[in-house]
Every structure is written in C-alpha cells, then in structure tokens.
Amino acid sequence: GHRKFENVIGLFQSNWSSTGWSEPIPFEHNSADSSYSLAHPTLSTNGQILAFCSDMKGGFGGKDIYICRKSGDTWSKPENAGSG
C-alpha cells in the first residue's frame, strides 16, 4: 500500500534589529512529536495575545482556533476559543 506522508507545521518567531532578522525561534507550544500542526498565527495589536489554528488533541475536531496570552517571555498554555 501507499504510505501517507503529512507535513507538520509549526510557528516560529524572528526578531528585527539593526543587524537584520534573528534566526527563527520555534514557538514553545509546537508539537514535539509531530502529532499536530499550528498555523495561521495572528498577534493582537499590543502583542499580548496570539491566536492560531491547530489540530491538537482536545479540540472540537478538525482545526480549531487557539489563544495564548503573553506572560513575560513565555506564552500561556493554548486555550481553545470554543465551538462557535
């Protein structure tokens, strides 16, 4: 039979400075075991809330919207935005 290949997507951060863009830094909630993807990130105007789509376990099925809140240099555990 055919083996199924699936790309797993993660989020990365790069910082701008006078020397240009930094190397990409993996998002702390990317899948460590390639069991789910994170995609389509959007950041609030004040940079304190990150929303993205993911098919991680515990969702409502398929790809759900998750929200993380910034706390110092880290992000809170992803919270499912709900079923509606």
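Each exercise comes with a solution in steps.

This is a predicted model, in which local features need pLDDT of at least 70, side-chain atom pairs count only at pLDDT 80 or more, and totals for chains, interfaces and linings use all residues. Residues are numbered from 1 along each chain as its sequence is written, and side-chain values use heavy atoms, with hydrogens and water left out.

**Exercise 1. Find out where Asn30 sits and what its side chain reaches.**

- Step 1: Look at the loop between strand S4 (25-26) and strand S5 (38-43), and there's Asn30. Strands here are DSSP runs of E with at least two residues, numbered from the N terminus.
- Step 2: Check the surface. Asn30 has a relative accessible area of 18%, so it counts as buried (buried is under 20%, exposed over 50%, partly exposed in between, with a 1.4 Å probe and protein chains only).
- Step 3: Follow the side chain of Asn30 to the backbone nitrogen of Leu11, at 2.9 Å.
- Step 4: List the contacts (heavy atoms within 4.5 Å). Leaving out neighbours within four places in sequence, Asn30 touches Gly10, Leu11, Phe12, Tyr36 and Leu38.

**Exercise 2. Work out how S5, S6 and S7 are paired.**

- Step 1: Start with S5 and S6, which pair antiparallel over 4 bridges (pairing takes at least two DSSP bridges between two strands). Thr42 stands opposite Ala51 in S6.
- Step 2: Look at the turn. S5 and S6 make a hairpin with 5 residues between them, and Gly47 in that turn has a positive phi of about 75°.
- Step 3: Move on to S7. It's joined to S6 by 6 bridges, again antiparallel, and Cys53 stands opposite Ile65 in S7.

**Exercise 3. Which residues make up the largest nonpolar core?**

- Step 1: Know the rule: a nonpolar core is a set of buried Ala, Val, Leu, Ile, Met, Phe, Trp, Tyr and Cys residues joined through side-chain atoms within 4.5 Å.
- Step 2: Collect the 10 residues: Leu11, Phe27, Tyr36, Leu38, Leu50, Phe52, Met56, Tyr66, Cys68 and Trp75.
- Step 3: Zoom in on Leu50: its contacts beyond four places in sequence include Leu11, Phe27, Tyr66 and Trp75.

Definitions and conventions. Polar contact = N/O pair within 3.5 Å; in protein donor to acceptor, adjacent residues only side chain to side chain.
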